[in-house]
Amino acid sequence: MIDELTKEIEGVRRSFLNEIEQIQSPEKLAALKERFLSRKKGIVGQQLLKLRDCTTAEKPVAGQLINQLKLFIETELAGTEEKIGARPSTQEQWSDCSLPASDLPIGRFHLIAEIQRQIEELFLNLGYEIAYGPEVELEEYNFTALNIPEFHPARDEQDTFFLDGFDNTVLRTHTSPMQVRYMLAQRPPLKIISPGKAFRKDDPDATHSPCFHQVEGLLVDRGVNFSHLKGTLEVFCRSFFGPDVNLRFRPGYFPFTEPSAEVDISCFMCSGRQPDCKVCKGSGWLEILGSGMVHPQVLRNCGIDPEIHSGFAFGMGIERVAMIKFGVPDLRLLYENDLRLLGQFG
Ligand code: PHE
């Protein structure tokens with residue numbers, strides 16, 4: 001059956017080619033089209049009827065052969081239509097520009113960029129300026145001026161990327177060196193946030209990456225105290241995570257702030273009410289940032305008199321904020337650039 005059909009189809013194809021080669025007028029072309037492709041009596045349609053006589057095993061092969069024939073005939077007809085002017089060529093085709101446009105895929109910011117922008121927007125509204133700093137940083141600014149002494153473990157080869165052939169430079173391990181740069185360059189009052197990349201020699205896992213993003217905050221003025229820090233962080237966290245979020249300040253240690261506090265927010269998923277909550281793991285709290293009052297020695301290192309001025313600083317990880325806010329379980333997902341994941345945000 002298939003052999004027979006193959007021969008027959010080849011015959012149809014040849015006779016079609018023979019005929020179409022002779023055709024000069026659009027009318028004749030239309031008639032040819034009718035004869036081969038007309039739904040009911042067309043030659044191709046007749047071939048399709050033969051499928052009825054095929055066995056189940058033969059049917060798919062036969063169907064494919066006939067479809068190929070149909071496609072061939074359609075393509076030839078379209079080509080000849082264009083050649084003899086029965087149809088305007090593609091360039092001349094009239095287009096209706098009043099029709100609604102087809103849906104174009106519209107890009108969007110990556111989740112990390114999006115969160116960074118939201119944080120920037122929020123602090124701009126609080127009167128902060130945005131200051132971007134270099135990712136290759138002087139050891140002096142990354143550590144020494146921030147009161148991180150020579151023997152501090154963070155300076156260890158294991159945590160820090162040092163640059164071969166460039167003495168005293170590192171890939172910044174946090175965004176805090178921007179505190180130093182800004183205080184050296186500007187006189188108080190000053191009020192900045194500084195977002196950007198930071199680097200640490202960490203093996204990638206669900207919560208670590210050798211390159212990550214932070215946002216630093218710094219405010220220096222006369223009479224700044226801890227309640228200003230608390231108020232600012234409260235406004236930020238409630239605007240960002242929701243108006244009902246509570247804050248918890250735990251004593252912490254950073255060499256460049258004194259006193260220092262680690263800040264947790266109450267779990268916006270369960271408010272501590274669900275022992276099996278996926279977001280806070282039942283603790284009711286989520287660690288969100290490090291903060292404190294700028295250490296007097298850091299102010300002095302930057303030429304600011306701690307008897308006159310005081311300030312607060314804070315720093316948070318953007319990936320951490322993204323993971324908490326959107327329930328992303330593994331930090332690496334943010335870097336794999338799988339559009340099925342990234343397309344869910346923004
Ligand atoms: N730089 C600190 C860190 O990377 C965060 C921090 C910033 C803490 C400012 C206090 C003040 O962990």
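Is Glu139 buried or exposed? In this predicted model, Glu139 counts as buried, since its relative accessibility is 17% and the cut-off for buried is under 20%.

Glu139 also has a charged partner. Side chains of opposite charge can pair when their charged atoms come close. Glu139 forms a salt bridge with Arg155. Glu139 sits in helix H6 (residues 139-142) and Arg155 in the loop between H6 and strand S3 (169-171), so this pair ties together parts that are 16 residues apart in sequence. Arg155 is buried too, with a relative accessible area of 10%. Arg155 also forms a salt bridge with Glu150, and Glu150 is exposed at 66%.

A search of the whole structure turns up 15 salt bridges. Here are some of them:

| Salt bridge | Closest N and O atoms |
|---|---|
| Glu139 with Arg155 | 3.7 Å |
| Glu150 with Arg155 | 3.3 Å |
| Arg250 with Asp264 | 2.8 Å |

Take the pair Arg250 and Asp264. It links distant parts of the chain: Arg250 is in strand S6 (residues 247-254) and Asp264 in strand S7 (residues 257-266), 14 residues apart. Arg250 is partly exposed at 27% relative accessibility, while Asp264 is buried at 2%.

Now for helix H1. Its buried residues are Ile2, Leu5, Ile9, Val12, Phe16 and Ile20. They cover an arc of only 80° around the axis, which puts them on the same side of H1. That buried set packs against helices H2 (26-37), H3 (43-49) and H4 (59-83). On the other side of H1, the exposed residues include Asp3, Lys7 and Arg14.

Definitions and conventions: Residues numbered from 1 in each chain as written. Predicted model: local features only at pLDDT ≥ 70, side-chain atom pairs only at ≥ 80, totals over all residues. Heavy atoms only, no water. Buried < 20%, exposed > 50% of the residue type's maximum accessible area, 1.4 Å probe, protein only. Helix = DSSP H or I, 4+ residues; strand = E, 2+ residues; numbered from the N terminus. Arc of directions from axis to C-beta. Contact = heavy atoms within 4.5 Å. Salt bridge = Lys/Arg side-chain N within 4 Å of Asp/Glu carboxyl O.
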